[in-house]
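Please find below some notes on the model, taken point by point.

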Amino acid sequence: MSFDHKHLIDIAEYSDTDIMTLLETAKAFSEVNRRAIKKVPTLKGKTVVNMFNEPSTRTRSSFELAEKRLSADSLNCGGSSTSTVKGESLIDTVMTLDAYQIDMIIVRDKHAGAPYIITQHSPASVIDAGDGKHGHPTQALLDLYTIWQHRGRIEGLRVGIVGDIGHSRVCGSLIPALKIMGAEVTVVGPGTLMPACPDVLGVDHVNLNLDDVLPDLDVVYMLRIQKERLEGAPFPSLREYHGLYGLTRARERLMRPDALIAHPGPINRGVEFDSHMADHPVRSVILDQVYAGICVRMAALFLLLGGAENGLDS
Amino acid sequence: MALILRNAHVIDPACGLDGVLDVRIAGERIERVGERLEGGDSDDQLDLTGCCLVPGLVDMHVHLREPGYEHKEDIESGTRAAAVGGFTAVCSMPNTDPVSDSASVIEFVLSRARAAGHCRVHPCGAMTKGERGEILSEMGDMVAHGAVAFTDDGRGVQSAGMMRRVMDYGKMFGKVFMSHCQDEDLVGDGQVNEGVASTKLGLLGWPAAGEELQIARDIRLAELTGARLHIQHVSTARGVELVRAAKARGIPVTCEATVHHLFLTEDDLDGTYDTNLKVNPPLRTAADAAALVEGLVDKTIDAIVTDHAPHAAWEKAREFELAPFGMTGLESSLALVISKLVRPGTISYARMVELMSIRPREILGVDSISITAGSPADVTVFDPNLTWTLGRDGYQSKAENCGFAGTELTGRAVDVFVSGRPTLADGAIC
């Protein structure tokens with residue numbers, strides 16, 4: 001197994017082989033997560049800092065669980081406890097943490113590029129747990145893992161991503177990752193929620209009409225509509241958005257029989273979906289994505305911290 | 001006692017000079033220009049073989065930061081940077097604290113500049129009080145105390161009605177109105193060029209149209225009012241085209257381009273989040289930069305400027321969205337223009353002198369300088385073949401936020417005179 005990355009920030013720096021290594025490793029950790037005793041000593045002695053400078057529930061909790069299950073020592077900072085609240089710069093905070101001889105920083109920040117800045121001022125490995133509207137690579141990996149587990153492949157699948165493409169850090173990583181793995185990507189949403197140059201991310205098709213594209217998709221990936229963004233009026237009302245882009249029971253008739261429904265969470269019932277679709281017993285893989293989050297994050301920690309040298313079974 | 005500058009390649013397209021000559025400076029003025037001038041026994045002589053001698057360079061867009069932001073730069077350090085960059089004069093922008101919107105601030109800037117003595121400073125006054133775009137500033141009073149032009153640089157005047165009032169009222173003073181074209185409603189919190197950079201970096205986009213709409217608006221207002229308009233730091237191909245079309249229609253409009261918009265593009269930001277490349281307007285596309293160069297060649301663009309915008313290192317060492325806009329340029333612009341435009345043959349030294357000396361003075365309406373008898377002895381001497389690395393030996397500016405740091409350059413100012421007095425001698429500040 002060859003894996004020589006130090007950081008997980010820009011998924012575009014990863015090859016299809018690198019990504020498959022991560023997914024295969026996540027699959028192995030999935031077995032660990034289903035044991036009665038869900039813990040291995042793989043990263044014993046390693047110190048991981050969870051620097052979550054903006055609110056996060058699922059990403060933060062799954063990273064923390066991943067660290068615990070790998071026996072790493074973890075330190076939580078950020079949020080209201082961060083010294084940036086007292087005026088300290090991100091760089092000074094990182095240099096202070098670094099003085100503790102830490103091994104990894106997992107960073108969530110509202111500012112794009114924050115993980116990159118940290119790599120310039122710390123010798124630690126860095127995982128981007130979401131930076132502004134830029135990227136969220138572990139989310140992309142857990143999405144790939146979920147699709148791979150359900151469909152047995154990623155290459156050749158037609159994936160439609162629906163909603164706020166332009167402001168989505170998930171898209172910043174997911175679209176390039178899908179392209180690396182050979183999928184075809186269509187983005188769907190109103191013009192006000194489209195990025196300036198979707199082709200730069202690797203998007204194959206841009207469509208403003210969900211009904212046009214639904215019949216062709218193997219995976220329908222719904223993005224969360226940030227209600228707080230409505231003040232900027234990218235669309236007139238949630239009601240109209242739901243009518244145009246909501247995945248409703250009526251729209252299910254347009255979908256392929258085996259098409260999956262995915263969402264990075266948290267979901268807004270009545271906006272992206274109606275409840276029937278969000279909880280669809282066959283199509284919806286949303287909770288599988290949540291579970292995949294732990295497996296993929298364990299894999300990322302393991303591989304980036306050199307766990308491979310010790311062997312997975314150790 | 002006089003000083004004879006010998007064997008320099010004198011370039012001054014305003015008076016048709018382009019050859020090896022001697023220049024005799026007596027007191028504050030040039031006394032004579034000719035081949036192998038005879039000197040008196042008491043004359044000082046300086047052999048400038050291999051160097052070029054041109055009318056003193058002017059940067060018509062500089063932030064000296066004083067008063068109010070002396071931790072970034074002050075008039076002493078800013079003008080020292082100007083001298084080492086080969087400039088004999090700079091035009092200071094009014095977005096200081098307090099804003100230069102009154103005669104007292106204009107007088108303060110001039111008095112500090114006289115005390116520093118490294119180059120002339122031509123202060124710009126704000127068009128509106130506090131640069132808030134709401135109330136006319138006392139332009140008449142500022143002109144009476146030395147303001148040479150008006151601008152709300154740092155932000156555009158958002159109201160078209162207010163901009164018209166500025167032009168209609170202020171045109172009686174005969175000064176140029178320099179416009180920072182930025183439609184805040186369209187640009188919002190834009191950080192980088194809207195397009196590839198904003199999509200790749202996940203940063204809010206600053207659309208080209210956010211600049212072009214105000215360029216078009218202000219051109220139309222100049223046509224309506226008859227006021228002289230100068231477009232600051234034009235950065236887009238369509239912006240250049242708008243100015244080109246306006247000039248063809250005889251509207252009194254001029255424009256400038258910065259060295260960073262000429263020689264850097266949004267591609268340089270790729271993967272770096274380098275806050276030294278965060279400028280306003282943002283670095284645009286390669287096609288935009290090419291259009292700017294074309295505008296220099298066909299004379300649509302009248303001046304090359306730096307928009308020298310110094311910031312403390314700690315201010316730039318932030319997340320991209322939190323860092324202030326701007327980069328320095330006074331110490332690098334001459335060498336960049338020589339290295340990237342003149343040596344490759346895109347423009348001549350004569351055109352460079354027009355862009356960096358002659359036209360800026362004409363636009364600002366300040367004393368014309370030429371290499372002729374009787375002219376004030378404001379002279380820049382540069383070695384066109386001297387190679388050096390930007391930033392290796394430090395900076396005269398207090399700030400180091402230069403997006404070209406580490407670049408190998410060719411050409412550098414070696415001697416600068418202001419009113420016959422040396423401000424730079426053999427590359428060292430006097």
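**Notes on a pocket and an interface**

1. The second largest pocket holds about 660 Å³ of space, where a pocket is an open set of points on a 1 Å grid over the protein atoms alone, fitting a 1.4 Å probe, with protein on both sides within 12 Å along at least five of seven lines, and the volume is the space filled by probe spheres set on the points. The model is predicted, with local features needing pLDDT of at least 70, side-chain atom pairs counting only at pLDDT 80 or more, and totals for chains, interfaces and linings using all residues. Residues are numbered from 1 along each chain as its sequence is written, chains are lettered from A and ligands numbered from 1 in the order in which they are written, and side-chain values use heavy atoms, without hydrogens and water.

2. Lining this second largest pocket are 25 residues (an atom within 4 Å of a point), and Glu54(A), Arg108(A), Arg169(A), Arg224(A) and Gln226(A) lie nearest its centre. By class the lining divides into 10 charged, 10 polar and five nonpolar residues.

3. Between chain B and chain A, about 1500 Å² is buried (accessible area, 1.4 Å probe, lost on being put together and summed over both), with 68% of it on carbon and sulfur atoms. Thr199(B), Tyr273(B) and Glu319(B) supply 38% of the area that chain B buries against chain A, more than any other three residues.

4. Chain B and chain A each give 19 residues to the contact (heavy atoms within 4.5 Å).

Notes:
Buried area is the accessible area (1.4 Å probe) that two parts lose on being put together, summed over both. Ala, Val, Leu, Ile, Met, Phe, Trp, Tyr, Cys and Pro count as nonpolar, Asp, Glu, Lys and Arg as charged, and the others, Gly among them, as polar.
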